[in-house]
Structures are given as C-alpha cells and as structure tokens.
Amino acid sequence: MPPGFDVEPTDGERAAPRFRRLMAWGIDTALLWVVAVLLGMMTWGRLQSYVAEDLPQKALAATGGLLFSGGDVEKAATDFGAGVWGTFTSAVYQALALLVLVELLYQFVAQTWAGRTLGKAVMDIRVRAAATGDARKPGKAGAFRRALVTTAGGTGLYCLAWVVLLEGMFFAAVLVWLFAVVVFVANSLPALFGGRRRTLADMLAGTAVVRAGVYQRAVAAAVQGAGRAWDGTQAAGRAVRDAARQNLGQSERAQQVQDMGKRLGGRIKGLRSGRAGEEAPPLHAANPAQALPPPQPSYDPVQGYAPPMPYVPPAPPAGQDGS
C-alpha cells in the first residue's frame, strides 16, 4: 500500500465535488473522442489509398501466381485474402495503439507539469500528492501510476478487446470487454459515492483530487483590484479638485494684483500728463481712504514740542533763475 493511503485532504484543500469530477471526466473524454475521430479518418484514408493503388497490383500478382502454381485456387485465394486482411488489421492496430498512447501521455504530462488535465483545470480541481498532505503536485512515479490506471480503465482495455476480436477470438474479446467495464466502474465509483472521493487510480498512486481555488482567488484579486482602482480614482479626483481650487485662488489674486497695478499706472500717467501751471491732484484724490496723515509736530526733549517747519522750495542754481 502506498504511503499516505488514508490521508484526508487538508481543511484548506477540501475534496473535489462529485459534479466537478464528473464534468472534468466528460471534458477529457470528449478530447479523446476528438483524437479517436481524427485517427479514424487517417486510418480510413490509408485504407482507401491501399484499395485504390495497392490492391489492384496485389490482385494481378495473385492471378499470376495462380497461373504458375498449377491452378491451386484455394491457396492463391487464401494468400491474397490473408494479405489484404493483414493490411487492414495492421492499420487499425496502429490507430488503436496511438489512441492508447495519446491518453497515457496526456494524463502523465498534464499531471506532472500542471497537476491537472484540461478537464480538471476547467472545473477548478487538481491532483495533489496525498502522502505529504501539502499542495505539491504528484511526483513522476505517482503521476505515471495514476495515468496508467486511468488509461487502462479508459481506452486501454477497450482497444485490447478490439484487437482480440480482430484476431478472431470472439469469446476472449467479450471477456476483455467485461473486464474493462469492471475496471472503469471500480475506478469511477469511489469518486462519485465514496466518502474520501479517491478513485482506484488515486489509491494506487497515492494522490487525491481536491479543489484548486483558482477561480475563487481570481475573483478575490479582481474585487481587490477594483477596490484599489476605485480608491485611486477618488484620490485622483480629490487631487484634481484641490488643484483646481488652488489655481482658481491664485488666478483671483493675480487678477487683483493686476487691477491694482493698472490703477496705480493710470494715476502715475495722469500725474505726468497734467497741464503746466495746474496743480496735479494728489494721489489720494481718487481714494480719500489712501490720504496721507498731516505732518505732526516734532518733539525735542529740551525745548518740548516744536511746530512743523514750513516747506521751502530749494533755490535754483546760479545762472538758471530765468533772468
């Protein structure tokens, strides 16, 4: 008995549901049917080519042999028929062998490389090593044993029954066919009705089929990513709104400064363009609130307060008094 024969799946990796395992088996079987149809078409093409090209030549050769054999018709017909039948059965045997080999390689490579076949991947289940109890894929030896038992209960024994039938052993072919049905049922029923849901292939290979949880993790990651994207969108919206408000405030302040500069420039221009002999209006004429305060008397610590000195314009330089 392989190690880990009675190991239950861990709590984090529950056994695969019966419906998922049944659907996974159906998908893998459909793939094998596609391969079988393709191989059947190839075999039929080979037989048609043989009938159209090689069979007439063999018939002529058998006729010539009949003439040179002294008229032994039974021997000539037996040789001709055996040759034709051997060619037909050889083509069929090759197609059956290729079908079995394809299933064996498919099961082995898929379980070794990814821990699941295409059907199991679609149904979000996978094969793990039951001996270790962890999430690792089965080893090559375990994967090969599981693939061998699965192939035997799938296409192996049925193809063998056809080979035995084509060899003319009808009773033996029926026995092989019945044995194939027994192996298939023994391998499948534990997965559908057993408490541990481990098939005969799982028991012999020391494996277990459990939930993969890929879809669940993908949905959780998508929800988390959508939440982060929404948070980022809101943060970006707030940043744009604050920047717009700041730019609007700066624009208003710039407009105020520009208006003040225009008013000041207009006043200076008015002072410069005043007519001669006219007293220019004071700067505060347009705005009394900006009038300068009257001169205050200065204070001398010895003499006390002194009245403000009147303004005396400076005397013009000598020779420039206008005389």
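Leaving out residues up to four places away in sequence, asparagine 187 touches Val149, Thr150, Thr199, Leu200 and Ala201. Keep in mind that this is a predicted model. Asparagine 187 sits in helix 5, which covers residues 170-193. With a relative accessible area of 11%, asparagine 187 is buried, since the cut-off for buried is under 20%.

Two of those touching residues also show up in polar pairings with the asparagine 187 side chain. A polar atom of that side chain lies 3.2 Å from the backbone nitrogen of leucine 200, and the side chain reaches the backbone nitrogen of alanine 201 at 2.9 Å.

Next up is alanine 110, which you'll find in helix 2 (residues 73-113). Alanine 110 counts as buried too, at 11% relative accessibility. Not counting residues up to four places away in sequence, alanine 110 touches Leu105, Gly115, Arg116 and Thr117. Alanine 143 is 33 residues away along the chain, and its C-alpha atom is 9.0 Å from that of alanine 110.

| Residue | Relative accessibility | State |
|---|---|---|
| Asparagine 187 | 11% | buried |
| Alanine 110 | 11% | buried |
| Phenylalanine 171 | 61% | exposed |

Now for the surface. Helix 5 gives the most, with 6 residues. Phenylalanine 171 belongs to helix 5 and counts as exposed because its relative accessibility is 61%, with the cut-off at over 50%.

Methods. Residues numbered from 1 in each chain as written. Predicted model: local features only at pLDDT ≥ 70, side-chain atom pairs only at ≥ 80, totals over all residues. Heavy atoms only, no water. Helix = DSSP H or I, 4+ residues; strand = E, 2+ residues; numbered from the N terminus. Buried < 20%, exposed > 50% of the residue type's maximum accessible area, 1.4 Å probe, protein only. Polar contact = N/O pair within 3.5 Å; in protein donor to acceptor, adjacent residues only side chain to side chain. Contact = heavy atoms within 4.5 Å.
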